[in-house]
Amino acid sequence: MMRGLWRLTWLEIKIFLREPLGVFGTLLPVLIFVVFGRLFGRQMRGASTGIPRALSVDLPIFTSLLIGVSAVSSLVAIIAIYREGGILKRLRATPIGPLTILTAHVTVKLLFTAVTLAAMMLAGRRYR
Amino acid sequence: MLLTGMTMSQPVVRVASIRKTYGAAVAVDDVSFDVQPGEIFGLIGPNGAGKTTTMECVEGLRTCDRGAISVLGLDPVRSARALQERIGVQLQEAQLQKRIKVREAVSFWASLYRKPLNGDRLIEQLGLIDKRNAWFMTLSGGQKQRLFIALALINDPELVFLDELTTGLDPQARRAIWDLVRGIRQRGKTVFLTTHLMEEAERLCDRVAIIDHGRIVDIGAPSALVQRHCPEQTVIVTTDDASARERFQALSNVQSVSSQGLELTVRGTRGDLVTQVIQCLAEHRIRAIDFRTELPTLEDVFLKLTGHAIRN
């Protein structure tokens with residue numbers, strides 16, 4: 001059914017890592033998180049839980065922002081660029097289906113969001 | 001419509017009075033033609049004449065409003081899946097991902113088809129071996145087009161579509177691409193291309209259909225079209241003999257003589273014109289400094305049939 005899905009996903013992962021903003025964009029949220037954590041993390045401990053604000057409040061906000069940015073802006077931008085550049089049209093003349101292309105891009109976005117989240121959580125361990 | 005009387009085996013493409021409108025604008029109107037197996041067929045006309053729309057209807061990328069299209073005996077829209085395995089497509093001004101490598105693109109495309117050709121060999125045949133690890137965005141115009149040809153050939157198609165293949169290329173790259181297209185025909189495939197370059201059509205195509213404002217003006221072999229619509233021939237003689245002009249005008253095949261400095265441009269009907277001019281020169285001992293003949297080209301045919309030049 002989804003012929004070429006894994007190959008396209010793998011290809012898009014490689015292409016994404018070649019983008020100047022690829023690796024940087026994945027790690028930037030972690031950096032921001034660490035910097036903010038360092039600035040405000042220690043002073044503001046939640047009174048009842050004892051968990052640093054950086055972890056209990058900032059991380060969830062960051063997480064939702066991150067997913068939002070990936071889904072709403074990055075994914076849409078990629079599809080728009082692909083459409084404008086005629087890449088989608090060229091792919092339409094091949095046996096690959098539009099759903100396959102979309103699935104591949106969603107998978108890539110999810111994957112890199114997950115990588116960022118995992119890195120953020122690792123970074124947050126120090127506030128435990 | 002006049003079709004040159006060739007052997008009419010089952011055509012690879014059959015287009016019967018198709019029409020396509022975008023809102024109020026009629027892009028293609030009552031267009032009909034056949035593409036025969038093993039030929040290079042060209043749809044020629046200026047930008048905006050309806051070439052790409054017609055081709056994309058045949059490729060199954062667009063649906064026409066009226067008329068019928070059959071490609072390899074199948075309906076291009078309803079049998080899109082089955083046809084995709086058997087046709088190769090190069091689109092006008094298409095792009096790939098900026099940072100995809102040549103080799104990655106070819107092997108990805110190969111993975112989409114049931115019986116692909118060897119990608120590495122294809123890369124080599126198209127002269128991209130040095131560029132196989134280069135990103136798409138770093139390729140020159142000619143290299144990009146060669147990559148698109150490779151992608152169009154990867155499934156070993158019976159019919160190849162090439163839309164404005166050499167637009168924007170320098171003359172040298174253009175010639176290299178022409179050789180590649182001839183090579184495709186030599187592999188026994190049928191080529192259907194569009195171009196707004198009359199020279200390209202004349203050198204490459206076995207038959208052409210001239211399209212203007214969405215309508216087919218005429219179809220035939222380039223040389224046949226020239227003979228049919230521009231039967232005149234021109235002889236240009238440079239001479240300092242003052243009597244030459246009158247003597248030429250007296251010849252039976254000559255229609256007009258015009259002069260510019262020492263250069264006399266003699267226009268007339270094909271056939272005996274050259275012989276008559278040469279005989280006249282010899283008979284009256286007219287000293288010719290230079291002598292050349294000019295034949296009309298497809299460009300002249302286009303001008304005559306449509307009343308305007310192809311480049312506006």
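Okay, first a definition: I call a residue buried if 20 or more other C-beta atoms lie within 10 Å of its own, exposed if 12 or fewer do, and partly exposed in between, with the C-beta atoms placed from the backbone. Helices are DSSP runs of H or I with at least four residues, strands are runs of E with at least two, and both are numbered from the N terminus.

Housekeeping: this is a predicted model, where local features need pLDDT of at least 70, side-chain atom pairs count only at pLDDT 80 or more, and totals for chains, interfaces and linings use all residues. Residues are numbered from 1 along each chain as its sequence is written, and chains are lettered from A, ligands numbered from 1, in the order in which they are written.

So, helix α1 of chain B, residues 51-59. Nine of its nine residues are buried, so the helix is largely enclosed by the rest of the structure. Among them are B:Lys51, B:Glu56 and B:Glu59.

Next, B:Arg86, in the loop between α2 (80-84) and β5 (87-90) of chain B. Why is B:Arg86 called partly exposed? Because it has 15 other C-beta atoms within 10 Å. Beyond its neighbours within four places in sequence, B:Arg86 is in contact (C-beta atoms, placed from the backbone, within 7 Å) with B:Leu72, B:Pro157, B:Glu158 and B:Leu159.

Last, the two chains together. 18 residues of chain A are in contact with 19 of chain B. On the chain A side, α1 (5-18) and α4 (87-92) each supply at least two residues, and α1(A) gives the most, with five.

Definitions and conventions
Contact = placed C-beta atoms within 7 Å.
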